[in-house]
Number of protein chains: 2
Amino acid sequence: MTLEPGLFGYLPERYNIAIQYNVFLSLTSLVHFMKETTFKREMIGNEGMVLLDTVRRLNRRGAVAHLLKLLLKTHPADMAWVFRHLSFAERKKVFNVIAQTDMVGDFLSEIDQAILLEIVQDLTPKYLVAVISEMASDDVADLLEALPEEMANEIRQLMVKEDREEVDELMQYHPETAGGLMSPDFMALDGELSAGDAIKIVQERSEESEMSFYLYITHGDGQLAGVISLRELLLHPPYRQLKNIMNSNVTSVTTDTNQDEVAHVISQYNILAVPVVDSNYNLVGIVTVDDIIDVIREEATEDFLRMAGAGKDSEILLKSTMDNALTRAPWLFASWVGGVMAMFIITFFHDELQKVLALAAFIPIVIGMGGNIATQSSTIIIRGIATGRVNMQELSKVIFKEMRVGLILGTVYGLFLGLLAFFGYAETQYLGLVVGFSVLFVMTMAATVGTFVPLILKRLNFDAAIATGPFVTTSIDILGVLAYFLIAKSLLNL
Amino acid sequence: MTLEPGLFGYLPERYNIAIQYNVFLSLTSLVHFMKETTFKREMIGNEGMVLLDTVRRLNRRGAVAHLLKLLLKTHPADMAWVFRHLSFAERKKVFNVIAQTDMVGDFLSEIDQAILLEIVQDLTPKYLVAVISEMASDDVADLLEALPEEMANEIRQLMVKEDREEVDELMQYHPETAGGLMSPDFMALDGELSAGDAIKIVQERSEESEMSFYLYITHGDGQLAGVISLRELLLHPPYRQLKNIMNSNVTSVTTDTNQDEVAHVISQYNILAVPVVDSNYNLVGIVTVDDIIDVIREEATEDFLRMAGAGKDSEILLKSTMDNALTRAPWLFASWVGGVMAMFIITFFHDELQKVLALAAFIPIVIGMGGNIATQSSTIIIRGIATGRVNMQELSKVIFKEMRVGLILGTVYGLFLGLLAFFGYAETQYLGLVVGFSVLFVMTMAATVGTFVPLILKRLNFDAAIATGPFVTTSIDILGVLAYFLIAKSLLNL
């Protein structure tokens with residue numbers, strides 16, 4: 001198994017050029033590809049950094065008055081971002097300044113849950129009740145759900161009865177359903193009213209309602225009948241009844257509709273808010289597009305983490321080292337078991353390996369190429385399922401296509417490796433054939449398995465993204481090693 | 001290297017229970033985790049399938065009148081979804097029916113680009129001009145950008161001069177900037193007008209403008225001065241001037257602002273539309289939240305694909321097998337080169353391997369555990385960067401944390417493997433120590449490298465997601481094999 005001195009010395013001139021050309025082509029496209037994507041900038045660019053530095057500096061100096069002035073000019077969402085990057089001690093001090101402003105409610109509903117729990121430890125329920133009374137009831141429900149149960153109950157007791165009932169009603173829904181996402185503050189009027197009356201009522205309403213661009217129309221004791229935009233309302237003569245001018249073809253969801261589907265309805269039909277009805281078709285709330293943007297972002301993050309077998313908590317970076325390790329341990333255990341199985345397989349082929357020791361050198365490349373093409377396939381399929389581009393009715397078509405891709409790429413890289421082994425390892429004549437054919441076979445199989453696994457998970461109603469990464473690469477390790485040694489055994493007549 | 005008959009026979013009773021308990025714990029949490037995530041349903045559920053089947057059936061029967069009736073009741077976005085799942089021949093026939101309806105313009109702006117190109121091949125420029133004249137100018141610009149250049153130019157020649165100029169203006173911007181996303185149809189009035197006049201003008205405007213809930217206020221020759229919502233407009237007495245009632249603290253972007261940042265502004269501040277200004281601060285368009293949802297989705301898909309080294313084309317599933325293979329080839333070539341390097345390393349340790357053949361059996365588990373923990377780390381970091389949860393100022397803190405996670409998990413799984421090797425392979429006494437320590441070392445290193453790579457890419461202003469997957473696993477293959485054999489050489493005194 002000693003390496004021949006000039007590895008490429010044996011190659012005919014033309015082949016040598018072909019390899020170099022291929023390297024050149026691949027590198028060119030890599031560089032081109034990387035360049036093309038470099039214009040992407042960080043979500044929060046320099047503005048965020050400048051704000052963070054300023055907050056830090058003012059806080060260090062104890063310049064409370066200046067800090068207060070800065071905070072009043074800053075959007076609560078930006079302050080929430082700043083908080084992620086402050087130290088524990090800094091957060092405490094800066095929050096004391098925020099607590100003096102009106103923004104405290106909005107701020108609390110913007111920050112990450114891990115930071116929220118840290119901050120509220122120092123607050124009295126009485127103070128929190130005062131803050132909460134200024135917040136929208138759907139934000140209050142989210143806040144109470146995030147708090148430790150004991151504290152949430154204490155706060156609920158101190159709340160005004162009316163507010164508490166509204167919040168309790170919202171809290172009965174699963175947070176990942178339309179009921180959990182919706183706001184009960186919307187504009188709705190009975191269809192018997194005239195357009196003129198409606199405009200008057202809109203003008204007189206003092207409280208802020210969310211998405212006050214749509215007026216929902218109800219009939220009977222509050223059943224959803226239709227919708228009209230504020231602008232359309234203005235276009236009609238004031239004596240017309242709402243029920244005669246409304247758009248009655250209104251898309252709605254029910255309180256238990258999953259947030260994925262709510263997101264789908266809003267993004268598919270390009271609407272700004274979708275009305276939520278209960279089992280009696282009574283209008284009980286609306287879900288607005290800004291909540292849906294957060295859902296889409298979080299779902300993408302969860303899919304990423306799940307795929308890598310790293311849980312699904314988008315705040316994992318804010319968790320303790322031990323929590324982080326515990327979240328990731330189970331899927332690593334699965335891959336440990338897979339590795340032990342690969343170990344048994346290689347141990348089983350002990351005699352063959354002893355005869356042709358060079359076989360060991362190709363283990364990483366055979367399973368590596370398999371693992372990487374499998375990851376590509378599963379990623380394409382998982383994302384295709386999430387964006388509705390995979391047709392679950394025509395699975396065989398999808399699988400055969402990926403199999404063909406595996407066959408093409410397996411042939412190319414198998415041929416490369418086969419030639420390299422043939423000219424590089426003079427010791428065993430057929431080694432080139434073994435490793436070349438193994439790469440071809442394992443890559444084709446890997447592309448197929450990588451496609452198959454997420455599709456099967458999906459068919460069994462599991463989440464397609466769930467730990468597909470570790471599961472697929474581990475399967476490829478086992479199957480790849482097995483196929484490789486079986487091919488070696490039969491081709492080398494061991 | 002023969003396996004001892006009773007693998008766990010040598011273990012003390014207590015240890016045996018510990019292993020079983022750990023297996024139990026891990027499996028329990030896996031099952032729990034999978035259950036928790038099963039309620040997620042497909043984006044387009046049964047409704048989509050029913051629609052698809054009905055369209056197919058009516059088309060097969062040639063029931064054009066029924067098909068037409070069904071189409072008129074269907075949202076263009078749903079028809080676009082159906083089209084993804086029809087065959088080439090079916091698409092042609094069904095499109096002939098769509099072409100008779102008013103929805104054809106909306107439909108063409110909803111379908112995937114690959115399908116669009118297929119459909120327009122059969123259409124005359126004259127027909128397309130007629131369709132286009134009914135479409136919003138930003139959709140026309142997108143359509144012309146998607147068409148082959150020759151055809152787009154032919155269509156441009158046939159367009160009314162006024163429309164052509166508007167579209168040409170939009171087409172000068174990069175499609176991934178605010179200029180490329182914006183719509184020029186918005187409501188803007190001069191600040192000198194009164195609220196009453198403004199309401200009258202809104203009522204008289206016949207053409208549809210996008211997001212007609214915000215009225216933008218300009219001064220001078222069209223510079224952005226402020227914004228007022230339609231509802232606020234209604235609340236003020238008719239004689240007040242717009243400039244006195246408008247909200248002048250309006251967030252805007254410029255035509256060349258990157259789409260990521262536009263998405264950030266809209267989602268961070270929960271607004272429905274952001275005004276776009278040119279270099280003279282003239283208001284030239286608005287980007288609406290529905291366009292931003294598409295941007296966020298597409299960016300997530302691109303990040304997924306890029307991470308797996310599968311290009312960045314979200315329509316890859318609709319591409320030919322050859323295009324698909326070509327997109328994936330470069331990063332597989334990189335991992336091929338990595339595999340060859342691992343091969344050289346193992347070949348270099350030829351003599352050591354010959355002395356302790358059992359070393360070969362542990363190659364897959366050492367590099368597999370490394371690869372999987374590295375993928376977890378990079379995924380967490382890449383998603384943390386995308387959602388603004390990684391602080392680029394405190395990189396060492398982030399890296400050390402992941403290193404600690406690697407150390408904890410490496411100790412646990414290294415210990416397991418070490419004990420297994422110690423009791424399973426009697427042949428070499430120190431083998432358990434070698435493989436245990438190798439897993440510990442490689443996992444710690446892998447978690448660190450997996451964190452480091454995306455952070456460094458980011459620092460160098462590359463996209464953090466770019467092919468991190470193949471790049472990281474390939475590096476771990478090389479470094480892991482090297483570390484493993486060096487550890488073996490020194491501990492076994494080979």
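Two strands count as paired if DSSP finds at least two bridges between them. Ala188(A) stands opposite Tyr216(A) in β2(A). The model described here is predicted.

**Domains of chain A**

Chain A is divided into domain 1 (46–172), domain 2 (188–303) and domain 3 (316–491). Between the C-alpha centres of domain 1 and domain 2 of chain A there are 30 Å.

**Two sheets**

One open sheet of chain A has three strands in the order β1-β2-β3, and its pairing is mixed. The edges are taken by β1 (188–190) and β3 (223–229) of chain A; each has a single partner strand, so one side of each has no neighbour in the sheet. From one strand to the next, the twist averages 35 degrees. Strand β1(A) runs parallel to β2 (residues 214–219) of chain A, and three bridges join them.

Another open sheet of chain A also has three strands with mixed pairing, in the order β4-β5-β6. Its edge strands are β4 (253–254) and β6 (283–288) of chain A, and each pairs on one side only. Strand β5 (residues 273–277) of chain A is antiparallel to β6(A), with five bridges between them. In this pair of strands, Pro275(A) stands opposite Ile286(A) of β6(A). Helix α17 (residues 289–307) of chain A packs on this sheet and touches β5 and β6 of chain A. The direction of α17 makes about 60 degrees with that of β6(A).

| Strand pair | Sense | Bridges |
|---|---|---|
| β1(A) and β2(A) | parallel | three bridges |
| β5(A) and β6(A) | antiparallel | five bridges |

**A covered helix**

Helix α4 (residues 76–84) of chain A is mostly covered, with seven of its nine residues buried. Among the buried residues are Trp81(A), Phe83(A) and Arg84(A). Pro76(A) and Met79(A) are also on that list.

**A contact between chains**

Helix α21 (residues 395–424) of chain A packs against helix α18 (residues 321–348) of chain B at an angle of about 35 degrees, and their axes are 10 Å apart. The crossing of α21(A) and α18(B) is right-handed. On the α21(A) side, the residues in contact include Lys401(A), Ile408(A), Tyr413(A) and Phe416(A). On the α18(B) side, they include Asn324(B), Arg328(B), Leu332(B) and Trp336(B). Sorted by class, the contact of α21(A) with α18(B) has 11 nonpolar, two polar and three charged residues.

Technical notes:
Residues numbered from 1 in each chain as written. Chains lettered and ligands numbered in written order. Predicted model: local features only at pLDDT ≥ 70, side-chain atom pairs only at ≥ 80, totals over all residues. Helix = DSSP H or I, 4+ residues; strand = E, 2+ residues; numbered from the N terminus. Contact = placed C-beta atoms within 7 Å. Axes fitted to C-alpha atoms, helices over the stretch in contact; angles between N-to-C directions. Left-handed = near helix turned anticlockwise from the far one by under 90°. Nonpolar A, V, L, I, M, F, W, Y, C, P; charged D, E, K, R; others polar. Domains from an automatic or database assignment. Buried ≥ 20, exposed ≤ 12 C-beta atoms within 10 Å, placed from the backbone.
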